[in-house]
Amino acid sequence: MTEGGVRVSDVKPPPERLYGRPRGHTLRPRQERLLQAALPRLRFPVEKASDPASVFGKVPDQIWLEVGFGGGEHSLAQHDAHPDVGYIASEVFENGLCSLLSRVVPSGQEETSSVPDMLKLWDDDARVLLKALPEASLDRMFLMFPDPWPKARHAKRRFVHPHNIALVARALKPGAVWRVASDDPTYQQWVEDVMAEQTFFITAPPAQERPENWFPTRYEAKAIAAGRQPLYWTFTRC
């Protein structure tokens, strides 16, 4: 049983649409140029999804995917710390995309500057990419402080969802790790309930302190400043 009397087994399938805002405040000219000129040069080409290793500048040792990278600080920290990993960072919120792009593309060089050859961006629904990738093609996946969708009627909108677990498991290699973090009590309980009823992943109690080899995010900092307790899960693909 979960919040508001909603059972994990009874929750509706996730809708074939995205909820939430695709854009926040009005984009500035620099941000518009980033989306128009820089993003296409970093976008993961879905037509090559059947061979994801081929889209990077060199054959990656591993391929990692982050779902909903927010401001991009976690994605860039992982990319910088693991230069031989092919990193796919997924986000649909345009302001978040601009935040990451502005860190790797100098102003005035949106069309001409070099871009990281081991980093690709996906600006569509992450589920579309997960369906397009081959089975057992990802070595690691991240879901860091997702939108909590705190009301019971929002359960079908959450990425941690009974119908999405199989989709994630399909794309991950045996032994691959899925890291999940949340500071929202409703989402935390939901993760526990959903993962307790699945058989694709080995589960363990979440850490209450960010593990040593995890990188911080702005959402984590806001949560701690507001007095909320983040939890950090590591799920291992069976």
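**A cavity and its surroundings**

Modeller: The largest cavity is lined by E66, G68, F69, G70, E73, M144, T217 and Y219. Keep in mind that this is a predicted model. Sorted by class, that lining comprises three nonpolar, three polar and two charged residues. The space inside the largest cavity comes to about 30 Å³, and searching the whole structure turns up one cavity of 30 Å³ or more.

In α5, which spans residues 162–171, the buried residues are N164, I165, L167, V168, A169 and A171.

Now for a pair of helices. Two packed helices can be described by the angle and the distance between their axes. Helix α1 (residues 29–42) packs against helix α3 (residues 94–104) at an angle of about 75°, and their axes are 9 Å apart. Angles of 65 to 115 degrees count as roughly perpendicular, and α1 and α3 are therefore roughly perpendicular to each other. On the α1 side, R30, Q31, L34, L35, A38, L39 and L42 take part in the contact, meeting E94, N95, L97, C98, L101, S102 and V104 of α3. The residues of this contact divide into nine nonpolar, three polar and two charged.

Notes:
Residues numbered from 1 in each chain as written. Predicted model: local features only at pLDDT ≥ 70, side-chain atom pairs only at ≥ 80, totals over all residues. Heavy atoms only, no water. Axes fitted to C-alpha atoms, helices over the stretch in contact; angles between N-to-C directions. Helix = DSSP H or I, 4+ residues; strand = E, 2+ residues; numbered from the N terminus. Parallel < 35°, antiparallel > 145°, perpendicular 65-115°, else oblique. Contact = heavy atoms within 4.5 Å. Nonpolar A, V, L, I, M, F, W, Y, C, P; charged D, E, K, R; others polar. 1 Å grid on protein atoms, 1.4 Å probe; cavity = no way out; pocket = protein on both sides within 12 Å on 5 of 7 lines; lining within 4 Å. Points joined across faces, edges and corners; volume = space filled by probe spheres on them. Buried < 20%, exposed > 50% of the residue type's maximum accessible area, 1.4 Å probe, protein only.
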